[in-house]
Amino acid sequence: MAKDVKPTRKNLMQIEDRIELSERGHDTLEKKRDGLIMEFMDILDQAQDVREDLDDSYQRAQRAINMARAMEGDVAVRGAAAALKEHPELTTESKNIMGVVVPQIESSKVQKSLDERGYGVLGTSARIDEAADAYEELLENIILAAEVETAMKKMLEEIETTKRRVNALEFKLLPELKDNQEYIEQKLEEQEREEIFRMKKIKAKKEKEEKEAREAEQDAAEAATAD
Amino acid sequence: MSTATDNESPNYEYVTARVRSRRAVLFDDDDYRKLVRMAPGEIARFMEETEYEAEMDALGSRHSGVNLIEYALNRNLAKHFDDLLRWSEGTLYDYIVRYLRKFDAWNVKTVLRGLYSDADRESIEDDLIDAGEFSEEQLDALLAVDSIEGVVEELSSTIFGDALAPAYEDYEETGVLIPLENAVDRTFFETLLAGLPEEPNRATELYVEFLHAEIDFRNVRNALRLARTGADIEPSEYFIDGGRLFDEDDLRQLVGNRDQLVEHVRSSPYGDDLDAALDILEDADDLIQFEHALDAALLEYADKLSNRYPLSVCPVLSYVLAKEREVDNIRAIARGREAGLSEDEIEDELVIL
């Protein structure tokens, strides 16, 4: 609050420095926010595509497994699924987008060939292959969606934080600092005016006293001459 | 279940007459058309008024929905095939039982898969189809076992025993079921053609012709699956010996080139029968529809053989295929409706002659 600040020149200089710094920070954060929003829009487009692919592949996978269960029976599908020995592996790394650390997920052993799936070729049919293919594709899309959507969420959080910082600078800190600056300037001006007034008063008093002294001296001289 | 002895003469007349009457009650196009438009509940009610009534009633208290339909279908299938074995005598029994051992193979694989995936005894039992040569006691003994090693030991005195023992060593090494499953399937196909007379009569010739077709079609199917994925698997892993279409070396070469593979099938004695199926494969690259076309072609081939020689095992095998197809079709309709597939999508999955 402006009233809490001591209206001194030193404080005024400090506040002016802080205003300059805050304005520079505000500009930088605004640029960061705009940059993040642009990056976010790119990721959003990508996320929408990935989500659509994910929905499609989920529908395809569900259809394929339903057809496999219908044609081959539940037990054959469960048996083929349980036969898998080499499970997919995921490794996560991170990359930096405008200061935001987002994950980069690398997958391996998701898409498998017929000989890597663990079930025998003799006792199964193309239905099972189709269901396995569809689920492998679904898993790939889930991994991609996890990467893109996590990046999107992190970008969104960073945009929110940056926006809050910009707003705090723009609507809270800078106005307060400017109020303080104005308050101190007014106070200093007032003090200056008071000082000038006081000086003037002193000067006038001094002049009056000098005048009175001169007049007294004059009167005394005149009296001496008359004697 | 009866057992045949070598000195009994085959009773083709009796069995084929009974099979003809059984075949007459199989669902026809109209029934499928009705079923495709029904919800799973309606399908169950429809089945209660048909051939499947007894099984639906018997299983109704334990299961519901599409599971009830599936288990009733399996039990009905088992009952019918058990009847075939009960009626038949002599070499006819031998030929039928060889073919129905595919259900023994199925049951062994189901128990193995169930144990491998830690399923409980009840759910494994629900999935068994008691239509093969194994007696109920043998199946109970298999279900009572709680390890894969125990299953292999339990089967040591059956036809699967010799093949399962070395396959179990592979299983222990690799930890995957493929060696065991392949050993079971391979034993089934090997025993189909083993020990047949060296100078067969016409009936046996037709039987062998049918089995060759089944093995060839299975090999074509698997070769095309491999050609599609590009997986590098030794033919010994998936090739079934005994067909006329390929030997192992042919297959090793053809699997790498799908066009050559298709051309090889087209120029084979099955070319005419599979012409339409191969066109589907070449035009749409749709392996599922090709498999349906193969199934239809096999059904038609069995019908053709049974018409050419009505007093042989062929009408019985043709009935076995038709009954299996009926069960597959009804299950596909019920599961398809449950999964919300459209009528057109379900119709695409049916194989109707």
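Analyst: What follows describes the contact between the chains, then the charged residues beside it.

This is a predicted model, in which local features need pLDDT of at least 70 and side-chain atom pairs count only at pLDDT 80 or more, while totals for chains, interfaces and linings use all residues. Residues are numbered from 1 along each chain as its sequence is written, chains are lettered from A and ligands numbered from 1 in the order in which they are written, and side-chain values use heavy atoms, with hydrogens and water left out.

Start with chain B as a whole. Its secondary structure comes to 19 helices and 0 strands (helices are DSSP runs of H or I with at least four residues, strands are runs of E with at least two, and both are numbered from the N terminus). The C-alpha trace of chain B spans about 55 × 45 × 45 Å along its principal axes. Of the 353 residues in chain B, 56% are buried (buried means under 20% relative accessible area, exposed over 50%, and partly exposed in between, with a 1.4 Å probe and protein chains only).

Now the interface. Chain B gives 40 residues to the contact and chain A gives 31 residues, where contact means heavy atoms within 4.5 Å. The two chains bury about 3,200 Å² between them, 60% of it on carbon and sulfur atoms; this buried area is the accessible area (1.4 Å probe) that two parts lose on being put together, summed over both. On the chain B side, Arg113(B), Arg225(B) and Ile288(B) lose the most area to chain A, together 19% of what that side buries.

Arg225(B) also takes part in a salt bridge with Asp129(A), side chain to side chain (2.5 Å, N to O). A salt bridge is a side-chain nitrogen of Lys or Arg within 4 Å of a carboxyl oxygen of Asp or Glu. Between chain B and chain A there are 2 salt bridges. The side of chain B that touches chain A has 15 nonpolar, 8 polar and 17 charged residues (Ala, Val, Leu, Ile, Met, Phe, Trp, Tyr, Cys and Pro count as nonpolar, Asp, Glu, Lys and Arg as charged, and the others, Gly among them, as polar).

Met71(A) is found in helix 1 (residues 9–72) of chain A. Because its relative accessibility is 9%, Met71(A) counts as buried. Leaving out residues up to four places away in sequence, Met71(A) touches Arg127(A), His292(B), Arg325(B), Arg331(B), Ala332(B) and Glu349(B).

The side chain of Arg331(B) meets that of Glu70(B) in a salt bridge (4.0 Å, N to O). This pair links distant parts of the chain, with Arg331(B) in helix 18 and Glu70(B) in helix 5 (residues 65–87), 261 residues apart. Glu70(B) is buried as well, with a relative accessible area of 7%.

Asp328(B) and Arg325(B) are separated by about one helical turn because they are 3 residues apart in helix 18 of chain B. Salt bridges that share partners join these residues into one network, whose members include Glu70(B), Arg325(B), Asp328(B) and Arg331(B).
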